[in-house]
Amino acid sequence: MSLIEIQDCRLAFDGFEGRVHVLDGIDLAIESGESVGIVGETGCGKSALARSLLRLNPAPPARIVSGAIRYDGADILAMDAAALRRLRGGTIGMVFQDPVTYLNPVFTIGRQMEEVLRAHESGLSRAQRRARCIELLDSVRLPQAASLLDRYPHELSGGMRQRVLIAEALAGNPRVLVADEPTTALDVTIQRQILALIAGLVARLGLTLMLISHDLGVIGAACRRIVVMYAGTIVEDAPAEALFAEPQHPYTRGLLAAMPDLRQPDHMPSGIPGSIPNLRDPPQGCRFHPRCPLAMSVCRSARPVLRGAPHAVACHAVGDWAVAP
Amino acid sequence: MIPLLELREVTVRFGTQAAVRDVSLALQPGAALGLVGESGSGKSTLLRVLLRLQDVASGQILMDGAEITTARSARLRALRCDVQVVFQNPHSALNPRLYVHDAVAEPLQIQGGLSRTRLRARIDGLLEDVGLGEEFLWRYPHELSGGQKQRVCIARALAPGPRALLLDEPTSALDVSVQAQIIDLLRRLRARHQLAFLFISHNLAVVQLLCEEVAVLRQGAGGGARPGCPGAARAGA
Amino acid sequence: MSEASLPPSRLARFGTEHAGSIRQARFFVWTFTRSPSAMLGLVLVLAFLVLTLIGPWIVPYPDHARGAVNLANRLQPPSAAHWFGTDEMGSDILTRVVIGTRTSFWIGVTITGLAALVGVPLGIAAGYFGGRIRAVIMRVTDVFLPVPGLVLALAIVAALGPGILHGVLALAIVCWPGYVRLIQAKALTLRSESYVEAARTMGASHAHILWRHILPNCVSPLVVKASMDMGMAILAAASLGFIGLGAKPPAPEWGAMIATDRTYMPDWWWYSAFPGLFIFLTVLGFNLFGDGLRDTLDPRSSRG
């Protein structure tokens, strides 16, 4: 049994002008100890997927239309409030994009961390909590952890704040770390440090990692397995090396071709023509077909299934099963 | 050649702290200069200085060799048509209460002198320039994707007929596949309108696609032009 | 000129040019109608406005509004003839309460209108221009803010002498600093928005920027605050009437009516209960309505 199992998950937002199909039949199994990167562009549903794992999508308007999400065999969708609290920040730690908005500016770092600790380890004395905070800050390589506890968020740089949030995510001794665009708000040089830190923690603590980013470079630096999403579906799911060496899905190829490369100054990156579909009324068949260079008639009618292991791809036009045009 | 825009030993202070210290830099007509540096290095402050949105503590700003450091009112308004800006975040660069049509019309209306039909024709032309069709005219910004918004911002910047575009990380808030489209668009527009670019970015790979020269800002001070591209970008005193 | 290039009909052009506004309006309606409390507020406010508008034509005893004396009928409990009972002069309380909506309406509108009229321009000037202008305006505003509103109003009325006009004036003086604060903060953030800076680089004048960018974006918070303040103003005016510094009996004003009944409590409960109920429903209505507007007009609320 996989640690995290998502089966045929369909998530919709009931909004003005109808239902938005945010996730449309997601199948994803993550084994314990895996580090999985989820990559895709704005509106592909990658954050919604990560949030579904903790039932963090506001409901209403969000609604799981069908499917199952299980953690270690337990149905997350059926959990009561107490079990959900144990899951959030306990078994599954979460780090978000913007470190500024997730820290309360009027409380010291120490106070905020202690609050998280109190929620998950109620038996600790005050001194023990403080010691644990320092230990946590040390583990995210923040120097002079003790003095940091008495500082306010605005006294810290963006990178330091993100480290504090990672430390908070680790406070409940999680088995899984979900990081949603943890480096997007940071400078390039800091990005690398934070990614290295996350990769190091995952290896040292034996965590399972789910890293969400729009940036293939970021995902590639920290994950062994990459899942590419487009318009609410998974189009490719492969080991990192295989994905970079031999991308199969036309969308993945397009993404890679669009990345500017410092080492190839003469290579002009090409964009993917067209724009993302309206998820209120997504295209029939393969959701990528209106922008796809390989589109055939079958792509317009039949939804491709994710096939192949370990390199899975959902496309009619590639792989052993490819349909002749 | 006389630079289109030039900064001479410019220092900007916020309170007692210098955000930019003794930076010199020149943008030749038709050239494309990249300005890279980490956040907090003063890139955006420098851009605001060039736009005359930010006053300097010391130093000079020159345009076509004439000093404009303290130019005011009518003279400043005339200068402003020549230098236009595209901001980083297209989501906050468009007034949420204005249609695409009104956003692009704004600089033309400020300049004045266009009849209703000629105004409309000009707007249609500008939108076509940036690859947007007529169906976008009467949409609000929140009905557009990030890439489409940035195209509207570019159309708006082109409207007064500038000689230079200052681009403040115009692609960093966009998806990669869209980023490539925008870079391509900017390259084509530069060739067609003989524009000079000052391109601010933290991403060297993107800078190299658009610019012939690169200057590096480090903690508010110029760090010199990129090796191999000497000359025009004389950053640092 | 060929036929194909003929301009489309006016109506069709209006349709295309305002399609976005129509979509937006439909979205506002959709969001608003999904909130039960906002809808309750809307119903109460509409009921209040309808009574204001057609009150004199639907009340059973129009001549009782200004205090006709009918001592044979004084202090009758609610009955089929007098649904809300009668007062110590024998006037029909239903009539007086309904006509009272007019008093409350113009009190509310005048107070919020005057306060906004003074507060909005000052707030915009302070927020947009900043610097010394802002320092002066905000310093003056700060003098008014810490004084409890009703106490200040009391002092002003005491100085001017009691009366409904003086009460309204006093409450407007109490209210305007709130508008300065609100609009100043909004204009301050708008001033540094990229689109305002872009307008400046186009050589736009201050007047252009204020008219095109700052003012339209101040409308939503202003409407929300004005709606909330309508309720507050009506309540405050009633309070002044209650302590005898606002409207005077026999003017049909809710606060004054409750005040007169103080001496008849609790045996003649209907006398104060119905004006009180109307105050309660009106203030509740404007507050819920304002809350609903806030949720609907909030630019952060994404389009579903």
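Here are some notes on the predicted model above, taken chain by chain and ending with a contact between chains.

1. **Conventions.** This is a predicted model, in which local features need pLDDT of at least 70 and side-chain atom pairs count only at pLDDT 80 or more, while totals for chains, interfaces and linings use all residues. Residues are numbered from 1 along each chain as its sequence is written, and chains are lettered from A and ligands numbered from 1 in the order in which they are written.

2. **Chain A overall.** Chain A has eleven helices and eleven strands; helices (H or I, at least four residues) and strands (E, at least two) are DSSP runs numbered from the N terminus. The C-alpha atoms of the chain fill a box of roughly 70 × 50 × 40 Å along the principal axes.

3. **Burial and contacts in chain A.** Of the 325 residues of chain A, 45% count as buried. A residue is buried if 20 or more other C-beta atoms lie within 10 Å of its own, exposed if 12 or fewer, and partly exposed in between, with C-beta atoms placed from the backbone. Among contacts in chain A with a separation of 6 or more, 63% join residues 24 or more positions apart; two residues are in contact if their C-beta atoms, placed from the backbone, lie within 7 Å.

4. **Strand β3(A).** Five of the five residues of β3 (residues 35-39) of chain A are buried, so the strand is largely enclosed by the rest of the structure. Both faces are covered, with S35(A), G37(A) and V39(A) buried on one side and V36(A) and I38(A) on the other. β3(A) pairs in the parallel sense with β8 (residues 208-213) of chain A over five bridges, and G37(A) has L211(A) as its bridge partner there. β3(A) also pairs in the parallel sense with β9 (residues 225-230) of chain A, over four bridges; in β9(A), R225(A) is the bridge partner of V36(A). Two strands pair if DSSP finds at least two bridges between them.

5. **Backbone points to check in chain A.** The peptide bond from A309(A) to P310(A) is cis, with omega near 0 degrees. P310(A) sits in the loop between α11 (297-301) and β11 (312-313) of chain A. Q144(A), although not a glycine, has a positive phi of about 50 degrees. Q144(A) belongs to the loop between α4 (126-139) and α5 (145-148) of chain A and is exposed, with 11 other C-beta atoms within 10 Å.

6. **A sheet in chain B.** An open sheet of four strands runs in the order β2-β1-β4-β5 (chain B), with antiparallel pairing. Its edge strands are β2 and β5 (66-67) of chain B, each pairing on one side only. β1 (residues 5-14) of chain B and β2(B) pair in the antiparallel sense over seven bridges, and L7(B) stands opposite L25(B) in β2(B). Helix α1 (residues 43-50) of chain B packs on the sheet, touching β1, β2 and β4 (58-63) of chain B, and its direction makes about 120 degrees with that of β1(B). Such angles run from 0 to 180 degrees between N-to-C directions, and the axes are lines fitted to C-alpha atoms, for helices over the stretch in contact.

7. **D22(B).** This residue lies in strand β2 (residues 17-27) of chain B. D22(B) has a positive phi of about 45 degrees although it is not a glycine, and is partly exposed, with 17 other C-beta atoms within 10 Å.

8. **Domains of chain B.** The domain assignment gives domain 1 (1-82 + 162-237) and domain 2 (95-161) of chain B; the bounds come from an automatic or database domain assignment. The C-alpha centres of the two domains lie 24 Å apart. Their contact takes eleven residues from domain 1 of chain B and eleven residues from domain 2 of chain B. On the domain 1 side, helix α6 (residues 176-193) of chain B gives the largest share, five residues.

9. **Chain C against chain B.** Here 22 residues of chain C are in contact with 25 residues of chain B. The elements giving two or more residues to the chain C side are α1 (10-33), α7 (194-201) and α8 (206-242) of chain C. Of these, α7(C) gives the most, with seven residues.
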